[in-house]
Amino acid sequence: MRINTRTNTPVWLIALLPILSIGVAFIIGACFILWAGESPFKAYAALIKGSLGSTFAITESLARATPLIFTGLAAAVAFRAKFWNIGAEGQLYCGAMAATLVGTGVIDLPAPIMIPMLFIAGAVAGCLILLVPVVLKTHMKVDEVVTTLLLNFVILLFVNMLLEGPWKDPMAMGWPQAARIIDNGVLPTIVAKSRLHLGIIVALIMSVLMWAILRFTVWGYEIRAVGHNQQASTFYGISINKSVLMVALFSGGLAGMAGVSEVAGLKGYLTLTLSPGFGYTGIAVAMLAQLHPIGVIISAIFLASIYVGADAMSRTIDIPNYIADILVAISLLSVLVGAMLTRYRIVWGK
Amino acid sequence: MMELFEMMLTTSLWAAVIRIATPLIFATLGELICERAGVLNLGIEGIMTIGAMAGWIWVYQGGDLWGGIIFAAIVGMIFGFLHSILVVYLGLSQHVSGIGITLLASSISYYAYTLLIPFSTTPPKIVPFSAFEVPILSSIPILGQALFHQSALTYLSYVLVIVTFFVLYKMPIGLTIRMAGENPVANEAQGINVLLIRTGAVMVGSAMMAIGGAFLTMSAFDAFYFGMINGRGWICIALVIFASWRPGKAFLGAILFALFEALQVRAQLIGADVIPYQIFSMMPYFLSILAMMLVARKAAYPKALLVPFRQGDRI
């Protein structure tokens, strides 16, 4: 077996890649459904009906996609520069804590000022926590993968401590949850009788903004250059440390905004169940989008529909909703393989 | 301070230290073997989860304990093989692929557990490995009871430390594995199939990670809980760096780490009124970060770690 570089890659192949990957995931996922003793066709029909079958289902899918767009962007920006930020989960909770700190009554301003302020607070919190691994990497050469991963656990314990201690809402009947965000801070719903809120508009704006920054600004150019070839970038006078810092500001900030959007939009208050792994799923979102900020929107909606559909499916058919995680993980792995096949050709034999 | 000193001299503390260290020893050695061959295996967290689930299910469904361990190891190997195909043969990003393996392995674990075990508020239990005393050695004061009155799996972990050291440093195959992680081109010049060596190392390493996970459900506890690995895999990755990729140091690192963990649990009981328990629970993670900071500057990473090898490539 040999691997040769392709000289040219057809555009249709790149465009088709994410769809093929999800197709592969559904085929392999069918084996797991058969294992549960159910018909894959029936199960997938229920999944699609549950995620796209009604206006309510569609708004649910879009509401679920909102945090995934943020965390997907966070991963995409970081991975572009080969900075492996696997800590979006923790940064999300930091954003959520900041929103809770600012938004539960300390200050009360009209909504048009209050809401942007919450997002800024969340973004700053996400940035600040990511600065720890960044400084450790740039100044002490500590590998960022492990530090960002470990900080996720630290932050979750910290949230737990706040929710069982000083931030525990006495009105919540013993549940560990913080006080509600005040009315002026709550993100209004944009479709009546649904949970789809303003957060998705912010997410879409951030996607376009990140695309523009990466595409048209010097920062974006430096980030992409560092990701392609560190040595060449240094040679051309791009400071690696500065671009890593820049990436961290964007990446941590975006993940922090995911937390704000969930606390002020979907839930209304901070709990330990705020995120069922949005930070980790963000990695799959980013890879399926092949690290393209606009692609992130599409892949986030796609993966969110799988989650919402699987929840609905598990209520009618006896299949654990973990099937969604399996489908997402397989899509992640198959898009990796697919992306490689678009750049290289495998030649069998000598 | 005196209290702490007295506590350090109790057998129960050291017995707990060894119990906490055992899964870390297995998984750290496993990761060490992978990285020595040039492959970072971030699938560790998921492979430990599925090892914990697979071994436990085997026993729960009527199999015997050692059968469960072998089953866990085989499942671990399968995921190691999958990781190898992706990063060794296809040369994909070891970071992203590893995270993908972790997501896949843990979601399959939870899926299978929910499917096979009917829902109940108290998780069903198995009869786990029981401790047995090694004659003579167990009569050494304090440490004897701690080191040699444990479950058979703990003894297996001691043996694996020695075997790993012996294979890596004293046998030709060990040299080949280390060379695959340092200078694979030199390997190829000798007519050795680098891809095969790396695949083998990743599979053996993954089997050890899975046994480390299985220790938790089959010896330390007697049930499978969701999220029970709780970052132990990531801690092991930090331990490998802390140990500068040496099996003996990995063993000592795991013991040291487990000592802090055991002290932390005891301090939680004493200090519960003053300091929230979560502060203590954060310690292992901080400690791992600190350990990495201590060695980071002089850490001698295997030179070909993260570098895919393509047959026939020339530098």
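So, B:Gly46: leaving out residues up to four places away in sequence, this glycine touches B:Ile101, B:Thr102, B:Leu103, B:Leu104, B:Ala105 and B:Ser106. Keep in mind that what we have here is a predicted model. B:Gly46 itself is in helix 3 of chain B, residues 44–60. Is B:Gly46 buried or exposed? Buried, because there are 30 other C-beta atoms within 10 Å, and the cut-off for calling a residue buried is 20 or more.

Now look at helix 5 of chain B, which runs over residues 94–116. Most of helix 5 is covered, with 18 of its 23 residues buried.

On to the nonpolar core. The largest one has 220 residues, and B:Ala210 and B:Leu239 are the members that touch the most others. Which helix of chain B gives the most to this core? That's helix 10, residues 194–220, with 16 residues. As background, nonpolar side chains tend to be buried together in soluble globular proteins.

If you ignore neighbours within four places in sequence, B:Leu239 is in contact with B:Leu24, B:Thr28, B:Ala250, B:Gly253, B:Ala254 and B:Phe257. And how does B:Leu239 sit relative to our glycine? B:Gly46 and B:Leu239 are 193 residues apart along the chain, and their C-alpha atoms are separated by 17 Å.

Zooming out to chain B as a whole: you've got 13 helices and two strands. Of its 315 residues, 51% count as buried. Along the principal axes, the C-alpha trace spans about 60 × 45 × 40 Å. For 315 residues, a compact globule would have a radius of gyration near 20 Å, and chain B comes out at 20 Å, so that agrees. If you take the contacts in chain B with a separation of 6 or more, 79% of them are between residues 24 or more positions apart.

B:Arg266 is in helix 12, residues 247–271. This arginine is partly exposed, because it has 18 other C-beta atoms within 10 Å, while buried would take 20 or more. B:Arg266 and B:Trp234 are 32 residues apart in sequence, and C-alpha to C-alpha they are 23 Å apart in space.

The other stop is B:Leu306, in the segment after helix 13 of chain B, which covers 277–296. B:Leu306 counts as partly exposed, with 14 C-beta neighbours inside 10 Å.

A:Leu291 has a phi near 65 degrees, a positive value in a residue other than glycine. You'll find A:Leu291 in the loop between helix 11 and helix 12 (293–316) of chain A. A:Leu291 is buried, with 21 other C-beta atoms within 10 Å.

Chain A overall, then. Its secondary structure comes to 13 helices and two strands. The radius of gyration of chain A is 21 Å, close to the 20 Å that the globule rule gives for 350 residues, so chain A is as compact as a globular protein of that length. Its C-alpha atoms fill a box of roughly 70 × 60 × 30 Å along the principal axes. Of the 350 residues in chain A, 52% count as buried.

Last thing, where the chains meet. How many residues are in contact across the two chains? 38 from chain A and 37 from chain B. On the chain A side, strand 1 (2–5), helix 5 (111–140), helix 6 (144–164), helix 11 (278–288) and helix 13 (323–343) each supply at least two residues. Helix 6 of chain A has the largest share of that side, 11 residues. And the make-up of the chain A side? It divides into 31 nonpolar residues, three polar and four charged.

Note on methods
Residues numbered from 1 in each chain as written. Chains lettered and ligands numbered in written order. Predicted model: local features only at pLDDT ≥ 70, side-chain atom pairs only at ≥ 80, totals over all residues. Contact = placed C-beta atoms within 7 Å. Helix = DSSP H or I, 4+ residues; strand = E, 2+ residues; numbered from the N terminus. Nonpolar A, V, L, I, M, F, W, Y, C, P; charged D, E, K, R; others polar. Rg over C-alpha atoms; globule rule 2.2 N^0.38 Å. Buried ≥ 20, exposed ≤ 12 C-beta atoms within 10 Å, placed from the backbone. Expected span 1.5 Å × (residues − 1). Core = buried A, V, L, I, M, F, W, Y, C linked by C-beta atoms within 7 Å.
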